[in-house]
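Dear colleague,

I am handing over the structure below, together with some notes on what turned up in it. Please read them alongside the coordinates.

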Amino acid sequence: MNDSHGEQARRAPRADGRGTGAAPGSEAAPGPGTAPGAEAAPGPGTAPDPAAGPAPEGSPEFHPYHHPAAGWGAANSVTRFLVREGALASGARAIRRMNHEDGGFDCPGCAWPDDTKGLHLDICENGIKHVTWELTRKHVGRDFFAAHTVTELSGWSDRDLESQGRLTEPMVYDPESDHYVPIRWQQAFDLVGDVLRGLDSPHQAAYYTSGRLGNEATFLYQLMARELGTNNLPDCSNMCHEASGRALQAAIGTGKGTADLRDWERTDALFVFGVNAASNAPRMLTALAAAYQRGAQIVHVNPLVEAAATRTIIPHDFLQMATFRATPTSTRNLQVRIGGDMALLRGMAKAILEQSDSDPKAVDQEFIDRYTAHFAEYRALCEATDWEEIERQSGLSRAEVLAAARIYREADRTIMSWCLGITQHEHGVDTVREIVNLLLLRGNLGREGAGPSPVRGHSNVQGNRTCGIDHRPSPEFLDRLAEVCAIHPPRAHGLDTVATIKAMHAGTVKVFVGMGGNFALAAPDTAYTAAALRSCELTVQVSTKLNRSHLVHGRRALILPCLGRTEKDHQAGGVQRTSVEDSMSMVHLSVGMKRPASPHLLSEPAIIAGMARAALPDSATPWEWYIEDYDRIRDTMAQVLDGFEDFNRRVRLPLGFRIKQPARELVFRTPSGRAEFSTAPLPDVIPAPGTLALGTMRSHDQWNTTIYSHDDRYRGIKNLRTLIFMNGDDLRERGIEQFDPVDITSTAKDGTQRHLTGYLAIPYDIPRGCAAGYMPEMNVLCALGDYSTQSDQPLMKHVRITVTPARGGQ
């Protein structure tokens, strides 16, 4: 991988000579169809070039993947990665310490739960890559920033930016020289404090959180924001699983799933919707293989048949590895059209209800009568929905829907799991509620081996919400926070991610603080988001590595480098542990294993406390005392947060503890006191003639906006990211062949258009009318105004596009 600087590190023409592969937003010159904000003047922090890597090495290749997921492919990929990064020794040490309950650190990647049996190799390919990326010996300090202006760095690829290594000291932007220059920690804190205190209103600041922030830092962060007087706490959940939380809260009175990993080990049927497990939650493969081996039915529902939905070789199963014996991970795959999951679910419910006329055991009427509300209305809705409409909207035949319903009917215990393929739609909330409807029909709630199970993405994204990162906090939470912490938290709802971007663009939010992540690339409507960030008076990014968000900044900007999850956190009370919550509500401790990359790094709790003390000089909150010993933070959290009672003792138990879920005990905190059936009509998800529904996704060799290579092994792609996957018939209809360059245009709800040029077309097994491609490159196509009215989430999985041969054939 090319880590050089200057022209070679910038985006170059493709090796095959098929055009430049223009980066998203590259047609930013003013004119018809230009994305709002794209006409921002050039200069420091110009519109982000989300081309995620340097020019690919070699010509693009596409060879459909037919091998098992994980197995030797993962082992070889990890070995090559460790060698390339010069991390064979440190990587091996990390593997031995990752996801261990006895003094190990929690993987900073996905939020899949740790193995319940204390497995000593509870790791995966992407987790190892993620950790190795953090363990790099390469550093980015004052000498690097002295050698490169922000304008120059803005021309580098995102892959090259992150490849420079770990940030080592706090930096502040100097507009006169267009360089970041060193600043002392206290000076940085004072700058933040001065700007925050000088605002006309506390609501002129927003405090963003990515999923990597630990629970203790999360609690302090929301405490700081609320003591300052705002609930402007946007987070990555606003872009990912907001629909899940709102739907589950409305249906069963809790914003989380009720199933845990032990339920996965006991269920008779698993329905997995909109999940690419092999890349996004690879340790799920172990659970899928085990379920198949014990005879469970496993149904994957996704427009693409992903590698995880076929078969796998589990790397820590040495017999499988030695014999190359793969285990199937599915018993059926259903390729719904993009957005068609709700129609499938409605069809399954209709089939179950029709069967109940002759088979009373098809539905659990006793459960329904005792624990649910609005069943009669839901039954009438299902009966009124005709099969023709179900087939049309789902893209499946009636026979396929009935086969899925039969699997569900014959299973005594069923888990339904889902990810962003369900949530990032206009009707995401309705679809999650339809999942719950189907579970309620057969009493698959409140008992072992059953229930809803959303697959959260980033390591502690669920813990962030649990510990107070919520722009719509409940009055009960605010009451306890006020009583325990002796502050007066604001009661008005704050801004979520979409609203924050709009407010920055309008100038009503003047300060943006980002705790981790790469907001400039992760957010939708890339050019508009960039213009919004540049409109700020101050942007503060707390990070481990250099990324695009440091270059797309406000008039004043700080880079504050923090410890990574793998590093020891030394405070006055000794080496500290932090806690995280996985996607199934287990809370456990994590402790770093290695010396920090630089003596100038601070922990995230310490950085938050430093900013808080500077912004709130008269605060009675004992910020410095908290940082001396994180047990003190946890003692306060135990008094504020439901389910965290006796926190310090319970979190030290083997595997930690599970936060109590009332709905699992059939206690429903809903207006009716019961689980509530919903009665939403089916949405129309059929693309207009000549258009396609585009869903953005990660490649396999990628974690969020971090790109490890231009390869996507499980989809058979090599040396290419600027691509679009399309049905072969859709390509032929447009006169397009494999690797032909194409132009892609999205049309927003308001009629504005956004463009990508020179992308290469790949024929793929995907339903007609559907297309797929990689984020963050394609985020530019999702207009900021195209967000769900149900969840306020950007519609990343349902962008309306047209695809044509590239102008001039380039």
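With which residue does D235 form a salt bridge, and how far apart are the closest N and O atoms? The partner of D235 is R465, with 3.1 Å between the closest N and O atoms, where a salt bridge is a side-chain nitrogen of Lys or Arg within 4 Å of a carboxyl oxygen of Asp or Glu. Because D235 lies in the loop between α8 (215–228) and α9 while R465 belongs to helix α21, the pair ties together parts that are 230 residues apart in sequence; helices here are DSSP runs of H or I with at least four residues, and strands are runs of E with at least two, both numbered from the N terminus. By the salt-bridge rule the count comes to 44.

This is a predicted model, in which local features need pLDDT of at least 70 and side-chain atom pairs count only at pLDDT 80 or more, whereas totals for chains, interfaces and linings use all residues. Residues are numbered from 1 along each chain as its sequence is written, and side-chain values use heavy atoms, with hydrogens and water left out.

The largest pocket holds about 1200 Å³ of space and is lined by 36 residues, of which Q249, T254, G255, D470 and S474 lie nearest its centre. (On a 1 Å grid over the protein atoms alone, a pocket is an open set of points with protein on both sides within 12 Å along at least five of seven lines, a cavity is a set where a 1.4 Å probe fits but cannot get out, and lining residues have an atom within 4 Å of a point; grid points are joined across faces, edges and corners, and a volume is the space filled by probe spheres set on the points.) Helices α9 (242–252), α21 (461–466) and α22 (475–485) each supply at least two residues of this lining.

There are eight cavities of 30 Å³ or more. The second largest cavity has a volume of about 230 Å³, and of the 18 residues that line it, G564, R565, D569, T578 and E604 are the closest to its centre.

Two backbone details may deserve a look. The peptide bond from M775 to P776 is cis, with omega near 5 degrees, and P776 sits in the loop between β32 (770–774) and β33 (799–805). D178, in the loop between β5 (171–174) and β6 (179–182), has phi near 60 degrees, a positive value in a residue other than glycine.

Best regards
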